[in-house]
Amino acid sequence: MNILVVHGPNLNLLGMREPGIYGTFTLERINGAIAELAAELGCTVSFVQSNSEGSLVDAIQQASGGFDGILINPAAYTHTSVAIRDALAAVALPVVEVHLSNIHRREEFRHHSFIAPVAVGQISGFGPDSYLLGVRALFNHIKKEIVTQA
Ligand code: CA2
């Protein structure tokens, strides 16, 4: 099983700015923890981070064929991007949306997600654990899909 982990804009700054909101873990450390969990579960993970909407759309389109599911923190594009939502819908892979912070207890403009309606589910508010919970949720979801297809 192959999972693509997609990080949106500014997440490359994790651990360097705004630790009060986003914590002290760097993106590299989060990716390391995801890779460790994936090895335990017996699946492989690839990572992409971009600050540009078009590059994220390209990465999602290219996931078709090579991956069984997508874990995504679309960051600010969560609240603005019809293009990323359409790419996720088009690629037709199971998607889990994750957020470090609880977007529902923050500013009103963060409460709406364009991504949630095309995702299997959303995990929000658990810091780096959101990613790890998301990997487990996506892994279990894909496994169930494989069993029901058999
Ligand atoms: O809580 C999350 O994971 C978010 O997706 C993070 C986004 C924000 O726009 C979403 O509403 C919720 C922002 C990511 C920016 O990350 C930074 C990290 C360090 C310093 C500055 C920004």
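Predicted model: local features only at pLDDT ≥ 70, side-chain atom pairs only at ≥ 80, totals over all residues.
Which residue in E3 stands opposite His7?

1. **Strand E1 and its partners.** Asn73 in E3 is the residue opposite His7. E1 and E3 (residues 69-73) run parallel and are joined by five bridges. E1 also pairs with strand E2 (residues 44-49), again in the parallel sense, over six bridges. In that pairing, Val6 stands opposite Val48 of E2. E1 is mostly covered, with five of its six residues buried.

2. **The largest nonpolar core.** This core holds 22 residues. Ile3, Ile34, Leu71 and Tyr131 touch the most other members. At least two residues each come from strand E1 (2-7), helix H2 (27-41), strand E4 (95-99) and helix H5 (128-149). Another core lies apart from it, with 18 residues, including Leu4, Val57, Leu93 and Ile115.

3. **Leu71.** Neighbours within four places in sequence are left aside here. Leu71 is in contact with Ile3, Leu4, Val5 and Val6, among others. Its contacts also include Val96 and Val98, as well as Tyr131, Gly134, Val135 and Leu138. Leu4, one of these contacts, belongs to the 18-residue core.

4. **The ligand site.** The ligand is surrounded by 17 residues. Asn73, His79, Leu100, Ser101 and Arg110 are the closest.

5. A polar side-chain atom of Ser101 lies 2.5 Å from a ligand oxygen. A polar backbone atom of Leu100 is 2.7 Å from an oxygen atom of the ligand. For Ala76, a backbone N or O atom lies 3.4 Å from a ligand oxygen. Taken alone, the ligand exposes 510 Å², and the protein buries 94% of that.

6. **Asp68.** This residue sits in the loop between helix H3 (53-62) and E3.

7. Asp68 and Asn2 are 66 residues apart along the chain, yet their C-alpha atoms are separated by 5.5 Å. A polar side-chain atom of Asp68 lies 2.7 Å from the backbone nitrogen of Asn2. Not counting residues up to four places away in sequence, Asp68 touches Met1, Asn2, Leu93, Pro94 and Ile142. Of these, Leu93 is also among the members of the 18-residue core.

Terms used. Residues numbered from 1 in each chain as written. Heavy atoms only, no water. Core = buried A, V, L, I, M, F, W, Y, C linked by side-chain atoms within 4.5 Å. Buried < 20%, exposed > 50% of the residue type's maximum accessible area, 1.4 Å probe, protein only. Helix = DSSP H or I, 4+ residues; strand = E, 2+ residues; numbered from the N terminus. Contact = heavy atoms within 4.5 Å. Near = heavy atom within 4 Å. Polar contact = N/O pair within 3.5 Å; in protein donor to acceptor, adjacent residues only side chain to side chain. Areas by Shrake-Rupley, 256 points an atom, 1.4 Å probe, with all protein chains shown as cover. Pairing = 2+ DSSP bridges.
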